[in-house]
Amino acid sequence: MKLELLCTATRTAALELSDARGLVAFVSDPDALWREYMAAIRAALASRGRLRGRGSVVSVGAEGRGGRGRRGAPAVATVGSADFESLLEKMLAAHALRREEFAAVWLGTGRAETWLSAAVALLNGPETTRRARGDLGAVGGGAGGRPDHAPARDESAAAWVRRLIREATSDVQRLARAQVGTAELEARAKELREAAAVKRGDAEAAAMAWVRERQDAETRLLLYRDRERELRERLKRIRDAGRDAGCVNCGRPLEDRLDAVREARREEWEDVVQDGKWWRRRRDQLELKPDELKEIESRALSLGAEIEDLSEELERRKVQALELAAATDRLTQLRELEARIAEGTGRTRQTEDANRDEAVRLVEAARERVRAKVHAKLIALTGGRFAGAFPELYADWLAGNRGSGEDSAVLETAARITLAEIAVDAGVALGSVVLPAGLERLNGEDLPRTLADLARLARRIPLVLVKATPRVAAGAPESFDLLYSLEDTGKGQRVRRRRPGPAALWLQG
Amino acid sequence: MTVAHLSDLHLGYGAGTAGRTSDAARVFEEALARIAGIGPRLVVIAGDVFDHPDVTAPPIATFTRAIHKLRERVPDVVVAVVAGVRDTPLDPSHQGPLAVVGALQSVEAATVASRRLVLLDGDLSVTLVPHHAARRAPPPKLAPDRAAKWNVLVLHGVPATAGPGARGSQPGRARRSAAPSPRAGSALPVPLTGWDYVALGSRHTRAQIAERAHYCGSLERIGPDPWEEAAVDKGFLTAHLESGEVSFEPVEARAAVSLAPVDATDGGTATAARRLGEALAGVPGGIDGKLLRVPVRGLGPDAMAALDREVLARVRRRVAELRIDALPGPAPAGKAAAAKGAAGSRAGRSP
């Protein structure tokens with residue numbers, strides 16, 4: 001599914017991606033519009049074919065693995081429309097993926113367990129996945145879920161499903177509670193973003209003024225030093241030559257005007273030395289960042305940090321809202337299953353146990369393979385810096401602890417790239433993948449390696465769309481094939497696109 | 001008439017990272033000290049002076065200080081600089097950090113538009129084409145100054161019709177080393193006739209593209225894979241315009257060592273630690289202060305974590321940059337014996 005157009009539910013600024021190929025970044029900071037894009041496409045995906053109004057557009061068939069050789073025009077559909085549902089159903093059926101698993105691969109949504117579940121299903125293949133899911137139950141942890149979701153040997157299928165229902169009910173209640181107070185948080189975030197924009201502008205202006213002033217002081221000081229050296233040499237020449245010293249203007253010997261000229265030069269030299277000292281002190285004063293600038297920057301930083309925290313919280317809540325919908329669906333399915341079991345349609349206990357054991361073994365083996373792949377990717381992105389911490393980091397991440405530090409950002413990015421690679425290896429005609437966040441939290445060492453890795457991924461998937469801050473994009477513009485950014489036109493904002501990287505030179509002759 | 005040609009200084013590279021914060025500054029200062037000894041009338045810097053356009057004060061101070069020292073020894077030198085892609089802000093209304101250093105005495109910078117400098121009473125003409133001007137449409141028309149005795153052209157970009165061995169190697173461009181070069185159709189036409197020297201920047205390895213058209217390469221091994229340039233000497237070029245002779249002047253960049261894979265498929269952490277120890281002991285000149293790459297084959301995440309705690313953490317403290325590669329599975333047949341703990345397959349040379 002290649003993204004052709006990404007748009008929001010309300011704004012007119014859409015991302016036209018029909019001819020976008022390779023590693024493409026949407027560059028913005030703050031990222032309100034990007035979050036609207038992501039929220040709109042997630043909501044459309046969750047609408048299950050009942051989308052009203054405009055939506056993002058995808059194409060299927062022209063791209064993807066082996067797609068270049070296919071004949072015929074690609075199928076185009078709006079995400080959330082009935083046509084899209086039909087295309088999605090075919091893709092999900094072909095790879096035995098669940099809807100939320102496909103969303104995890106395509107857009108990076110959902111919990112770590114969902115990502116893992118998707119990866120396990122893709123590694124095991126559709127037949128094995130379907131069989132394992134059938135053995136572990138039509139719902140629940142399934143082929144990619146935690147093996148401990150499978151029933152214990154001494155637990156009846158009915159008791160197991162009842163346990164899953166209790167867990168799902170608890171999930172629904174917990175996620176519903178987490179949505180309380182979201183509107184207030186959104187209002188606060190908007191307020192802070194406005195304040196931060198003003199403060200950043202102040203900081204930029206103050207920093208420019210400081211650099212200019214310091215440069216000016218440095219230049220003046222150099223000029224005074226040159227002048228002082230020149231005068232000193234002139235005085236020395238006068239002293240050495242005595243009355244025969246030549247006048248600078250007419251060249252005639254100074255003779256009896258020697259003392260007057262020497263005195264005048266000495267006074268001039270002393271003036272220059274005094275002024276030079278003043279400029280040296282001025283330059284020294286300006287060496288360090290002024291307190292006022294530090295204070296503005298510090299305030300801008302603290303506002304930025306506060307906004308980041310709030311944005312993460314809001315993002316978490318958006319994800320949780322989608323999880324709430326999924327958990328509610330799951331609860332409904334579990335209740336249906338409970339009813340079917342009660343009707344006595346299950347298989348014999350012995351066969352079920354044997355099949356379940358085999359399914360658990362397959363799932364466990366695939367989970368271990370996914371862990372090894374994420375590990376290798378994390379090592380590649382960090383040069384091995386997190387090799388020692390990986391077991392704890394990975395366990396934490398799987399447990400749902402998504403931190404805000406660089407370690408969790410790079411682990412999540414590694415897992416995201418790994419998942420996309422597994423999908424491509426499994427023959428999923430992805431067409432595009434989206435990395436909605438995280439690059440800005442990578443450190444200076446990991447970022448170039450990650451961009452190089454994403455660029456390699458973009459040779460296997462036609463469009464890899466990432467969200468980047470200006471710092472990330474300006475720090476390695478040659479990594480990207482295309483950059484989108486917002487531009488103020490006076491009448492509003494429009495999306496501007498440009499091809500970054502060095503110019504091509506056609507050397508002739 | 002001698003011209004010194006530098007490019008891709010990337011001042012500010014490695015800021016905020018552990019081992020390489022001062023590398024770019026150190027080699028730049030060394031290069032300018034060497035240039036001061038040669039005493040050219042013209043120094044050209046063909047772009048990417050800074051690592052990114054939002055550069056902080058220390059790299060600007062480094063540049064300023066080094067130029068000041070050069071001027072003390074070569075008072076009539078002119079330093080002509082073009083903005084590269086890394087010096088150019090994404091926002092076209094900003095000129096970037098070169099606008100600041102362009103205000104220094106003896107420094108002439110082209111940040112957005114092309115410029116022509118006429119020096120030595122009209123004998124020497126220097127045409128500067130920064131990144132922004134090279135990318136804009138319609139492209140600038142490049143022709144030598146007929147009235148000048150010598151014409152020098154300074155450009156930042158990649159060749160559209162690159163041949164074998166003429167591929168880019170710069171931060172973030174790892175995949176492009178395998179990708180085709182940009183097509184000539186969308187490229188800036190650069191007629192080479194009439195120029196006494198064409199100084200190019202953007203590629204990190206030295207290359208002669210045509211007669212009198214040269215890339216000098218970066219001064220330091222930088223980017224996501226500095227080991228790619230392990231066997232390439234780093235430095236700058238000096239061109240003698242009368243004779244057409246071009247010489248390479250090396251500088252002492254970080255040495256890069258890439259070990260052969262340490263194979264642990266038939267053992268565990270202890271085996272890997274022993275073989276790694278043997279491999280490290282066999283590195284000529286030791287590993288201290290170098291860029292070290294260690295591929296490890298056949299260790300799972302938990303064993304690798306143990307190896308990191310027991311061995312790699314100590315190695316990391318000794319080197320400027322350590323990169324571990326986790327390779328899956330057993331070594332290819334026939335290569336296993338050679339791979340077990342063998343020392344550096346590629347070791348960078350320092351002049």
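Predicted model: local features only at pLDDT ≥ 70, side-chain atom pairs only at ≥ 80, totals over all residues.
# A quick tour of the two-chain model

The crossing of H6(A) and H9(A) is left-handed. Chain A brings 14 helices and ten strands, while chain B comes with seven helices and 18 strands. Here's the rundown, topic by topic.

**The chains overall**

- Chain A is 509 residues long, and 49% of them are buried.
- Chain B has 351 residues, with 58% of them counting as buried.
- In chain A, take the contacts between residues at least 6 apart in sequence: 73% of these link residues at least 24 apart.
- For chain B, residues 24 or more positions apart make up 73% of the contacts with a separation of 6 or more.

**Nonpolar cores**

- The largest nonpolar core counts 93 residues, and the ones with the most contacts inside it are Met1(A), Leu3(A), Leu6(A), Tyr37(A), Trp106(A) and Leu454(A).
- Helix H12 of chain A, residues 406-425, gives this core its largest share, with eleven residues.
- There's also a second, separate core of 45 residues, and among its members are Leu293(A), Leu6(B), Leu70(B) and Ile222(B).
- Back to Tyr37(A): leaving out residues up to four places away in sequence, it touches Leu6(A), Cys7(A), Thr8(A), Ala13(A), Ala14(A), Leu15(A), Phe26(A) and Val495(A).

**Helix pairs in chain A**

- H6(A), which covers residues 157-178, packs against H9(A), residues 291-342, at an angle of about 155° with the axes 9 Å apart.
- Angles over 145 degrees count as roughly antiparallel, so H6(A) and H9(A) are roughly antiparallel to each other.
- Sorted by class, the contact of H6(A) with H9(A) has 16 nonpolar, three polar and seven charged residues.
- Next up are H7(A), residues 182-241, and H8(A), residues 258-287: their axes come within 8 Å and cross at roughly 155°.
- That crossing angle makes H7(A) roughly antiparallel to H8(A).
- H7(A) goes past H8(A) in a left-handed crossing.
- Where H7(A) meets H8(A), the contact residues split into 14 nonpolar, one polar and 19 charged.
- H12(A) pairs up with H13(A), residues 446-457; their axes come within 11 Å and cross at roughly 15°.
- With angles under 35 degrees counting as roughly parallel, H12(A) and H13(A) are therefore roughly parallel to each other.
- The crossing of H12(A) past H13(A) is left-handed.
- On the H12(A) side, the contact is made by Val410(A), Thr413(A), Ile417(A), Ala420(A) and Glu421(A), and on the H13(A) side by Asp446(A), Thr450(A), Asp453(A), Leu454(A) and Leu457(A).
- In terms of class, the contact of H12(A) with H13(A) has five nonpolar, two polar and three charged residues.

**A buried glutamate in chain A**

- Glu4(A) sits in strand S1 of chain A, which runs over residues 2-6.
- Its relative accessible area is 14%, under the 20% cut-off, so Glu4(A) counts as buried.
- Glu4(A) and Val57(A) are 53 residues apart along the chain, yet their C-alpha atoms are separated by 5.3 Å.
- Setting aside residues up to four places away in sequence, Glu4(A) touches Leu15(A), Glu16(A), Leu17(A), Ser18(A), Val57(A), Val58(A) and Ser59(A).

**Backbone spots to check in chain B**

- Ala137(B) and Pro138(B) are joined by a cis peptide bond, with omega at about -5°.
- You'll find Pro138(B) in the loop between helix H4 (131-135) and strand S7 (150-159) of chain B.
- Asp8(B) isn't a glycine, but it has a positive phi of about 50°.
- Look for Asp8(B) in the loop between strand S1 (2-6) and helix H1 (23-38) of chain B.
- Asp8(B) has 1% relative accessibility, so it counts as buried.
- Ser202(B), also not a glycine, has a positive phi of about 130°.
- The loop between strand S9 (197-201) and strand S10 (207-210) of chain B is where Ser202(B) lies.
- With a relative accessibility of 0%, Ser202(B) counts as buried.

Key: Residues numbered from 1 in each chain as written. Chains lettered and ligands numbered in written order. Heavy atoms only, no water. Core = buried A, V, L, I, M, F, W, Y, C linked by side-chain atoms within 4.5 Å. Buried < 20%, exposed > 50% of the residue type's maximum accessible area, 1.4 Å probe, protein only. Helix = DSSP H or I, 4+ residues; strand = E, 2+ residues; numbered from the N terminus. Contact = heavy atoms within 4.5 Å. Axes fitted to C-alpha atoms, helices over the stretch in contact; angles between N-to-C directions. Parallel < 35°, antiparallel > 145°, perpendicular 65-115°, else oblique. Left-handed = near helix turned anticlockwise from the far one by under 90°. Nonpolar A, V, L, I, M, F, W, Y, C, P; charged D, E, K, R; others polar.
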